[in-house]
Amino acid sequence: MTETIRSVRGMNDILPDVTPYWQSIEQTLKDTLAGYGYQEIRFPIVEKTELFKRSIGEVTDIVEKEMYTFEDRNGDSLTLRPEGTAGCVRAAMENGLLNQTQRLWYSGPMFRHERPQKGRYRQFHQLGVEAYGFSGPDIDAEMILMTARLWKKLGLNGVTLQINSLGTTEARQQYRQQLVAYFEANHQLLDEDSQRRLHSNPLRILDSKNPEMQALNEAAPKLLDHLDDESRAHFQTLCATLDAAGVPYEINPRLVRGLDYYGKTVFEWVTDQLGAQGTVCAGGRYDALVQQLGGKASTAIGFAIGLERLIALLEANDALPKPEAVDAYLVAVGEQASKQSLLLAEQLRDQLPDIKLLCHCGGGSFKNQFKRADRSGARWTLILGDDEVANKVIGVKVMATGEQHTIEWNALAAFLAQ
């Protein structure tokens, strides 16, 4: 017997009983972004590997352990995108979008070879938002206020905003020296990953998820105490704007984000309802990345929302949107009725373009077709038999009340539109 082919571990099917939730949530996200003037951009899932090495940083778990990288037939090293920011910057640079300010968004699958667990998959989906050419803290505040509005529109509770500032590159370099000295003095307490990163990227040690590292990291020097004047003023203005808007937040001095390109503002929306994978939305400024990738220097900020985690959190809050039910289910029994049903349905769709009309196909008795109509949740069941065809009428049953009507074909659209 031929072995059944199964999906790749950590890459999940999204089935028809779940996709209505995705569609509804994605539409809310898109509508909100449009309300703030953000436009959609689409770019390839596969990019040159060098793009991610240069943007994310070679001494990161993503590049070292998690990327799906392969050599194509031309000998080029290609990678399935592990995140969206680098690809968006590359597309904006290549197509001349950075000559003026831009507000962009994108959505789609990302890929990382991680150990699959709840809230973490090898193929996962993100909505990403990026803005280019804005230098002040007002765009930082706009993005955070926009995410707060998203949660409100989705009816989502149980998320907390954490913010921090990483300062400028120069400020981080000075802080880096103090951090390295601190960790060197406590070298025996560092785990293997932290020892490896000590001189290549010590800020990433603060991002360690190892519980045995938490006490050591808590006692480490704080970057907020070593900010340059510009970054401090930028951060203070951001905080003042959030205060004025009534958006609560926590300043988390250990929030450094997992990617090398961040500077100044960083933020995360987190929850304690999803276990270890508690970050639902994360982002920050990356003013140096465009130049790092070979473009003309441009300020930039962005965030990404993990859609699987967002849906899991909405489910935990019993806040998943209710899928829209079918408006009408058309049952047809008899040779002439079966021939006429699809034609009648098409006429009805022409007259009522927004109607959700499900036609029974495949034959069967009235009883079995009525069972399917009932399971569909339709508001009306439309009943067509050979006698109805002969008289150009159709039976309509109001499923909520059991009322039944006989309607002429040319009056059916008006009846259903009431």
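An open sheet of three strands has the order 2-4-3, with antiparallel pairing. Two strands count as paired if DSSP finds at least two bridges between them. Strand 2 (46–48) and strand 3 (69–71) stand at the edges, each with a single partner strand, so one side of each is left without a neighbour in the sheet. Direction ignored, neighbouring strands of this sheet are turned by 35° against each other on average. Strand 3 is joined to strand 4 (residues 77–80) by 3 bridges, and the two run antiparallel. E71 has S77 in strand 4 as its bridge partner. Helix 2 (residues 49–56) lies across strand 2, strand 3 and strand 4, at about 75° to strand 2. Contact means heavy atoms within 4.5 Å. Axes are lines fitted to C-alpha atoms, for helices over the stretch in contact, and angles run from 0 to 180 degrees between N-to-C directions.

The model is predicted: local features need pLDDT of at least 70, side-chain atom pairs count only at pLDDT 80 or more, and totals for chains, interfaces and linings use all residues. Residues are numbered from 1 along each chain as its sequence is written, and side-chain values use heavy atoms, with hydrogens and water left out.

The chain holds 15 helices and 16 strands. These are DSSP runs numbered from the N terminus (helices: H or I, at least four residues; strands: E, at least two). The radius of gyration of the chain is 28 Å, whereas a compact globule of 418 residues would have one near 22 Å. This radius is taken over C-alpha atoms, and the globule rule is 2.2 Å times the number of residues to the power 0.38. Along the principal axes, the C-alpha atoms fill a box of roughly 90 × 60 × 45 Å.

A further open sheet has 5 strands in the order 13-12-14-15-16, with mixed pairing. Its edge strands are strand 13 (357–359) and strand 16 (404–408), each pairing on one side only. The twist averages 25° from one strand to the next. Strand 12 (residues 328–333) and strand 14 (residues 380–385) run parallel and are joined by 6 bridges. Y329 stands opposite T381 in strand 14. Helix 12 (residues 335–351) packs on the sheet and touches strand 12, strand 13, strand 14 and strand 15 (393–398). The direction of helix 12 makes about 165° with that of strand 13. Helix 13 (residues 366–376) lies across strand 12, strand 13, strand 14 and strand 15, at about 175° to strand 12.

The structure holds 1 cavity of 30 Å³ or more. A cavity is a set of points, on a 1 Å grid over the protein atoms alone, where a 1.4 Å probe fits but cannot get out; lining residues have an atom within 4 Å of a point. Grid points are joined across faces, edges and corners, and a volume is the space filled by probe spheres set on the points. The largest cavity contains about 30 Å³ of space. Its lining consists of E26, L29, K30, W105, S107, L127 and L307. Helix 1 (19–35) and strand 5 (102–111) each supply at least two lining residues. Helix 1 gives the most, with 3 residues. By class, the lining has 4 nonpolar, 1 polar and 2 charged residues. Here Ala, Val, Leu, Ile, Met, Phe, Trp, Tyr, Cys and Pro count as nonpolar, Asp, Glu, Lys and Arg as charged, and the others, Gly among them, as polar.

Notes: On a 1 Å grid over the protein atoms alone, a cavity is a set of points where a 1.4 Å probe fits but cannot get out, and a pocket is an open set with protein on both sides within 12 Å along at least five of seven lines; lining residues have an atom within 4 Å of a point.
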